Amino acid sequence: MLVTLNEVLKDAKKKKYAVGLFNTVNLEMAKGVIAAAEEAQSPVIIGTAEVLLPFSSLEELAPMLVPLAKKASVPVVLHFDHGLTKDRVHKAIALGFSSVMYDCSTLSYDMNVKEVAQMVKFAHDHGISVEAELGHVGANSNSAEGSGEGDKSIYTDPMEAKIFAEATEVDALAVAIGTAHGAYKSKPKLDFDRLAEIASIVKTPLVLHGGSGLSDEDFRHAIANGISKVNIFTDINNASAQTAHDYFESGLGMTDLMPNITEAVKQATLKKMRVFGSPGHADGYKEYVIQNAVERILHAVNK
């Protein structure tokens, strides 16, 4: 079933697990991720990012991903990650994505607030959830997931995060605590104390970008200290390529490789879901739906 971030992240925040975003640039990856979610009975987020569009455009991906999400037996958020331009974010909404990230993290704080608040109003009017970023998650040299200079992050200020979340009414907030997009050259040093402080004063679900390459212990610490959504691409992207390499031999075609690639993505996704603690939480969205329906009824009665 196709849902927004609100249906899956509120339960994750309440019960202290995280939902994974697995960016999927082709059919094999998408089928593998959704198969993992269905086997684990886990909510899941699939999608793509603006920097990945040269490999598969929004117009190519949406007609494939929207039906896959709708027919899935578990909640699936279709998310456009790291949208850098209004036109692309609006295009994703028009094509059926249920969630978008408008990444203005390289702008000044005031401009970030202004731009994101405007996008939130537009998206909410269309029933779409919005993620933003405060601070800036850097990028390793081989990153295909985000932008930045080297592996440097501009760390998120806790009090600014609180004010930002309240001013923009954003549905999810990505924070910078020392991660970077892409594969790490050395072990990152994560500021869990900063994360815990942010989580203690910000009601909005928090997001960890630059997840590929972190240790299971890092993930568990991040989730215990307030992370409700984790972004993954490099791990399943590499699993796809490695499997194509390992199973190829002369005379084989793509159709011979596709089932193995899908299975490899499924197994890599399942591994991450178990670390995130999301298996078994596919029904968590129901509490949000009921609560939201009650709030709408009360609002109508009190008008």
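Tutor: Contact means heavy atoms within 4.5 Å. This is a predicted model, where local features need pLDDT of at least 70, side-chain atom pairs count only at pLDDT 80 or more, and totals for chains, interfaces and linings use all residues. Numbering starts from 1 along each chain as its sequence is written, and side-chain values use heavy atoms, without hydrogens and water.

Student: Which residues of helix 9 and helix 10 meet?

Tutor: Asp 235, Ile 236, Ala 239, Ser 240, Thr 243, Ala 244 and Tyr 247 in helix 9 meet residues of helix 10, including Leu 257, Asn 260, Ile 261 and Lys 272.

Student: What angle and distance describe the packing of helix 9 and helix 10?

Tutor: Helix 9 (residues 234–247) and helix 10 (residues 254–276) pack at about 145 degrees, with axes 9 Å apart. The angle runs from 0 to 180 degrees between N-to-C directions, with axes fitted to C-alpha atoms over the stretch in contact.

Student: What makes strand 3 mostly covered?

Tutor: Six of the six residues of strand 3 (residues 44–49) are buried, meaning under 20% relative accessible area with a 1.4 Å probe, protein chains only. Val 44, Ile 46 and Thr 48 point one way. Ile 45, Gly 47 and Ala 49 point the other way.

Student: Why are strand 2 and strand 3 called paired?

Tutor: Pairing takes at least two DSSP bridges between two strands. Strand 2 (residues 19–23) and strand 3 have three, so they pair, in the parallel sense.

Student: Why is the pair of Phe 80 and Phe 97 called edge-to-face?

Tutor: Ring centres must lie within 6.5 Å, and planes over 60 degrees apart count as edge-to-face. Here the values are 6.3 Å and 75 degrees, so both conditions hold.

Student: What does this pair tie together?

Tutor: Phe 80 lies in strand 4 and Phe 97 in the loop between helix 4 (86–94) and strand 5 (99–102), so the pair ties together parts 17 residues apart in sequence.

Student: How do you know whether Phe 80 and Phe 97 are buried or exposed?

Tutor: Phe 80 has 0% relative accessibility, so it counts as buried. Phe 97, at 1%, counts as buried too.

Methods
Buried < 20%, exposed > 50% of the residue type's maximum accessible area, 1.4 Å probe, protein only. Helix = DSSP H or I, 4+ residues; strand = E, 2+ residues; numbered from the N terminus. Phe/Tyr/Trp six-rings, centres within 6.5 Å; stacked < 30°, edge-to-face > 60°.
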